[in-house]
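Hi,

Here is the structure I promised to pass on. Have a look at it first, and then read on for what I found in it.

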Amino acid sequence: MKIYSAIQPTGSIHLGNYAGAIMNWVKLQEEGRCIYCIANYHSLTANREPQHLPQRVFEAALDLLACGIDPEKSELYVQSHIPEVTELTWILSCCAPMGELNRMTQFKEKSQRLEVVNAGLFTYPILMASDILLFKAEVVPVGEDQLQHLEVTRVFARRFNALFGETFPEPKPSVTKATRVMALNDPTRKMSKSVEGSAIMLSDPPEVILRHVKRAVTDAGPSADPQQMSPGIANMFTLLETFSTPETVGYFREAYAGGNLRYKELKDALGRDLVAALEPIRLRRQELAAHPERVEEILHASAHRLRQVAKATLAEVREKVGLGVTPEA
Ligand code: TYM
């Protein structure tokens, strides 16, 4: 099984990324050949700070390695180290139906907030599809917000195969229970780096994590349906199911069903278990940060190996669409 996924380098990874995707990336290393990517081409759709981008890529690599991405088992590379992906993006964009791209909810949401919408933001799903298809991946572990992009990747693969002959497998998603982690301070919104104060970062020390959990919004307000679990409590249960023991989850589920759930007790348990899960990652991250050259080495070795795979796929694609072979420079 060929497994592929990527993350944008926006600084330190947050709890939503970790519980929704990265934990699954780590687990899947036991089930197949994994390729993981730090998507810095994608981040150009929003990043206007070239001076910070290399550091953000490095931070993402640190986080992923600290989370347990094992360079002995998996490839970890930087997207722009394999520029072949941009050529595949162009070729795929020439058979990607505009109608499909127009449906993308993430584009609609993001573009609403911008004064000037760049074309890269619109064609972003084609670059993402190219990442996946360049390596002929079969399984893609992602959070819920990326499922629509994956669906459209399957459409592009199917369309390319129909036009030019069987080339790409149609990749399937792999999701966790925590496929959509909400902001603790506003559980109606997704936990995200771009929403101020909404994210717990993997680099946060215990006191910061505990403060976030302590301040978590619990009740949805007086108009909420009393029969239904409030979004804040539901989100805390999602996290509890990911980071606590089944006994702890069972204890609080029972308390909830019996109408005697004590928020403080729930928050204390969740805070304790989150710190226990994240503290080893933070400490490993610090150790790795002391050896930047080792991190660079890992990224370069993967890029070197993967470039051969990318070139082979591209040669096949060029041939199929009639572009043929590039003369040697
Ligand atoms: P990105 O960088 O926004 O997020 C990385 C991964 O984290 C998941 N995620 C979440 N999961 C649960 N709850 C949340 N609050 C939450 N926030 C983020 C995302 O679903 C994702 O799996 N376009 C992609 C990067 C990408 C990619 C790819 C992914 C580029 N090429 C090829 C898969 C395959 C993105 O921006 O993810």
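Strand S2 (residues 33-38) runs parallel to strand S3, the two being joined over 4 bridges. Strands count as paired here if DSSP finds at least two bridges between them. Within this pair, Tyr36 sits opposite Leu76 of S3. Strands (E, at least two residues) and helices (H or I, at least four residues) are DSSP runs, numbered from the N terminus.

Please keep in mind that this is a predicted model: local features need pLDDT of at least 70 and side-chain atom pairs count only at pLDDT 80 or more, while totals for chains, interfaces and linings use all residues. Residues are numbered from 1 along each chain as its sequence is written, and side-chain values use heavy atoms, with hydrogens and water left out.

How well covered are these strands? In S2, 5 of the 6 residues are buried. S3 (residues 75-78) is covered on both faces, with Glu75 and Tyr77 buried on one side and Leu76 and Val78 buried on the other. By buried I mean under 20% relative accessible area, by exposed over 50%, and by partly exposed anything in between (1.4 Å probe, protein chains only).

Next, the overall layout. The chain is divided into domain 1 (2-179 + 292-321) and domain 2 (206-287), with bounds that come from an automatic or database domain assignment. Their centres, taken over C-alpha atoms, are 31 Å apart. Domain 1 puts 12 residues into the contact between them and domain 2 puts in 10 residues; contact means heavy atoms within 4.5 Å.

Now to the inside of the model. A nonpolar core is a set of buried Ala, Val, Leu, Ile, Met, Phe, Trp, Tyr and Cys residues joined through side-chain atoms within 4.5 Å. The largest one has 57 residues, and the members that touch the most others are Ile22 and Leu64. Helix H3 (residues 53-67) supplies the largest share of this core, 9 residues. Both domain 1 and domain 2 give residues to this core, so it lies between them. There is also a second, separate core of 37 residues, with Ala96, Ile126, Phe160 and Phe168 among them.

Which residues does Leu64 contact, leaving aside its neighbours within four places in sequence? They are Ile7, Ile13, Ile22, Trp25, Ile38, Ile69 and Leu76.

Just after H11 comes Gly259, with a positive phi of about 75 degrees.

The other one is helix H9 (residues 206-214), where Pro206, Val208, Ile209, His212 and Val213 are buried. Down the axis of H9, the buried residues fall within an arc of 165 degrees, so they too line one face of the helix. They pack against H12.

Finally, a few single residues:

- Lys136 lies in the loop between helix H7 (119-134) and strand S4 (139-141). Its phi is near 50 degrees, a positive value in a residue other than glycine, and Lys136 is partly exposed, at 24% relative accessible area.
- Ser43 belongs to helix H2 (residues 40-43) and is buried, with a relative accessible area of 4%. Leaving aside neighbours within four places in sequence, Ser43 contacts Gln8, Pro9 and Leu53.
- Ala234 is in helix H10 and is partly exposed at 26% relative accessibility.

Definitions and conventions:
The arc is that of the directions from the helix axis to the C-beta atoms.
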